[in-house]
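Please find my notes on this model below, as numbered points.

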Amino acid sequence: MRKHMEVQQSELNQQWLKMMQVGSIPAAQEVPKVIYKELNVLLITPCNDREISSHCVLIEQSLKHLVRNVNEIKYIESVSACLSSYDVDLIMVIGSEENLPDENITALRTSTVKKAIWLSADQHVNQSETILPIFDHVFTQHSTQISDDQHHMGSTCSHELLMPPDPHLFCPQAVPPEYESDVYIIGDAEPDGIVTTIATSGLLDNKKVRVDGKGWAQIGDFNPVHTNEARQMLYNGSKLVIHSGESIKNVMEIAACGTFQLIGPSVNQSNGIDLSNFQQYNSCEELTQKFEYYWQSVDARRLAASHALAYMKYNQSHLQKTLRLLDIIFI
């Protein structure tokens with residue numbers, strides 16, 4: 001684990017240098033209201049949420065590149081004690097299914113320091129009515145994560161800011177033969193749908209096809225993906241993914257694994273993701289043409305997958321996302 005974290009730290013350093021070289025740091029015409037390297041940040045992270053723990057480490061490392069000082073504490077530690085002991089310019093909470101103790105909610109509510117919370121992907125915001133109005137900025141994984149009423153609560157601003165895939169899980173890796181497949185389809189088998197038409201056209205004959213969605217049992221003899229199966233292993237084991245679902249999160253995870261994918265028009269658009277970095281289809285004819293071309297040309301498939309992987313690594317990294325968060329708050 002220590003070696004892995006050293007590699008991640010090295011990659012963060014390289015990304016920071018690359019951002020400086022290509023001008024990803026805020027442009028001259030977008031002068032921050034504050035100088036980030038003068039900021040002191042109090043980062044509050046969950047105690048036992050294993051799914052978010054890797055993100056918390058990388059966000060903390062990213063902040064250390066961007067601001068003067070980062071003081072990281074867990075949900076159960078005293079916010080009041082930290083605020084009385086340190087100069088703090090920004091309080092940043094990483095959201096979780098865990099609940100903040102009442103005394104920390106009170107401390108946050110009474111503090112005049114600028115406050116932001118970055119909700120995790122599957123968070124149902126159990127304390128939403130209590131805690132969200134406390135924050136000046138609420139960052140969500142998707143625009144539907146909080147209700148319309150919560151979008152307009154007090155002076156709170158809501159922003160969609162996707163966390164990158166967990167690099168511990170979603171990365172290129174060799175997998176055992178049982179995870180291998182020729183084609184991996186994500187999305188339901190809709191009547192007269194583009195992918196359903198392709199699946200019944202004979203184009204997928206003599207190929208091992210995995211299906212991650214409803215209705216495929218009535219369409220053909222495919223291999224269903226079960227809830228408990230490790231998606232990162234299945235993504236790495238697939239030669240080609242056809243994505244007809246809605247989740248931009250899945251698109252990012254597949255790309256982070258270095259796997260080639262064709263994404264359909266139903267994938268949710270996101271202000272922070274440039275879908276031109278992925279191969280897309282909008283019709284049955286276009287999917288057929290692209291499938292045949294990329295299936296036959298392994299080199300073209302690898303090149304497209306490598307382009308998407310590089311986009312995820314350098315344009316959708318935790319460092320880039322954390323910088324974007326600071327820009328939204330302070331510019």
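**Notes on the predicted model**

1. In helix α4 (residues 102-110), Asn104, Ile105, Ala107 and Leu108 are buried. Seen down the α4 axis, these buried residues fall within an arc of 160 degrees, so they line one face of the helix; the arc is that of the directions from the helix axis to the C-beta atoms. Asp102, Glu103 and Thr110, on the other side of α4, are exposed. Buried means under 20% relative accessible area, exposed over 50%, and partly exposed in between (1.4 Å probe, protein chains only). Helices (H or I, at least four residues) and strands (E, at least two) are DSSP runs, numbered from the N terminus.

2. This is a predicted model: local features need pLDDT of at least 70, side-chain atom pairs count only at pLDDT 80 or more, and totals for chains, interfaces and linings use all residues. Residues are numbered from 1 along each chain as its sequence is written, and side-chain values use heavy atoms, with hydrogens and water left out.

3. An open sheet is formed by 6 strands in the order β9-β8-β7-β10-β11-β12, with parallel pairing. At its edges are β9 (223-224) and β12 (279-280), each of which pairs on one side only. Two strands pair if DSSP finds at least two bridges between them. Strand β8 (residues 209-212) is joined to β9 by 2 bridges, and valine 211 stands opposite proline 224 in β9.

4. Helix α10 (residues 284-296) lies across β7 (181-186), β10 (238-243), β11 (261-263) and β12, running at about 170 degrees to β10. Axes here are lines fitted to C-alpha atoms, for helices over the stretch in contact (heavy atoms within 4.5 Å). Angles run from 0 to 180 degrees between N-to-C directions.

5. The count of aromatic pairs is 8. Rings of Phe, Tyr and Trp (its six-membered ring) pair if their centres lie within 6.5 Å; planes under 30 degrees apart count as stacked, over 60 as edge-to-face and the rest as tilted. One of the pairs, phenylalanine 260 with tyrosine 294, is tilted, at 4.5 Å centre to centre and 35 degrees between the planes. Phenylalanine 260 lies in the loop between α9 (248-256) and β11 and tyrosine 294 in helix α10, so the pair ties together parts that are 34 residues apart in sequence.

6. The structure holds 0 disulfides, a disulfide being a pair of cysteine sulfur atoms within 2.5 Å. For cysteine 171, the closest cysteine sulfur is that of cysteine 257, 6.7 Å away and too far for a bond.
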